[in-house]
Amino acid sequence: MVLFKFCEKALAAFVALLMLTLVAMVFTNVVLRYCFHSSFAATEELSRVVLSVLILAGTVLAFWQTRHIAMTMLVEKLPRPVQTVLVVVVGGVMLWCDALLTEGAWKQAAMNLTSSYPLSGLPSATVYVIAAGAGALLFAITAARMILVLLGKIVPGDFFGAVAPEYAE
């Protein structure tokens, strides 16, 4: 449990660092363009990469903390056995989508290993490797939640829940 909390805090710090980096890069480039009529050419490429990684890392963090968007009005009104069946069905679809993301991103990474961005020189596979990792983490979180519901450790509503009680304030 301590390891999970540490990983969550590390991921949150990573997301915050990415956000700070993105803001600093874009702000610096704007100041350079308007005040000095020049800019860092690679900033445009790097800001796209940082934004992509920020979105992927933020997605994993939001899903881990159950801060994602969820429509639970219907699910909450159903009896618990039906909710459990829905967990299996919806969870299966989610696992399939996570597997597709992981596999597709990994294939794209393999295809782009030899190419790089023209200005920064960063490998083109960078974003795809991060996307494959994000897909694998989303798969693991979904599978773990499904198992917890099927074992009766958490209620089915927690699988679908949009906001955990500790974050609802």
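Reply: Start with a cut-off: a residue is buried when its relative accessible area is under 20%, and exposed when that area is over 50%. Keep in mind that the model is a predicted one.

Me: Why is T66 called buried?

Reply: T66 has a relative accessibility of 11%. The limit for buried is under 20%, so T66 counts as buried.

Me: What makes H37 exposed or buried?

Reply: The relative accessible area of H37 is 70%. Exposed requires over 50%, so H37 is exposed. H37 belongs to the loop between α1 (2–36) and α2 (42–64). H37 is also a residue other than glycine with a positive phi, near 55°.

Me: How do you know whether W96 is buried or exposed?

Reply: W96, a residue of helix α4 (residues 80–111), has 55% relative accessibility. That is to be set against the limit of over 50%, and therefore W96 counts as exposed.

Me: Why is R145 called buried?

Reply: R145 is part of helix α5, which spans residues 126–150. Its relative accessible area is 10%, and the limit is under 20%, so R145 is buried.

Me: Which residues is R145 in contact with, leaving aside neighbours within four places in sequence?

Reply: They are F63, W64, Q65, T66, H68, I154 and F159. A contact here means heavy atoms within 4.5 Å.

Me: Why are α1 and α2 called roughly antiparallel?

Reply: Two packed helices are described by the angle between their axes and the distance between the axes. For α1 and α2 the angle is about 155°, and the axes are 9 Å apart. Angles over 145 degrees count as roughly antiparallel, so the label applies to α1 and α2. The crossing of α1 past α2 is left-handed. The contact of α1 with α2 has 19 nonpolar, four polar and three charged residues.

Note on methods:
Residues numbered from 1 in each chain as written. Predicted model: local features only at pLDDT ≥ 70, side-chain atom pairs only at ≥ 80, totals over all residues. Heavy atoms only, no water. Helix = DSSP H or I, 4+ residues; strand = E, 2+ residues; numbered from the N terminus. Buried < 20%, exposed > 50% of the residue type's maximum accessible area, 1.4 Å probe, protein only. Axes fitted to C-alpha atoms, helices over the stretch in contact; angles between N-to-C directions. Parallel < 35°, antiparallel > 145°, perpendicular 65-115°, else oblique. Left-handed = near helix turned anticlockwise from the far one by under 90°. Nonpolar A, V, L, I, M, F, W, Y, C, P; charged D, E, K, R; others polar.
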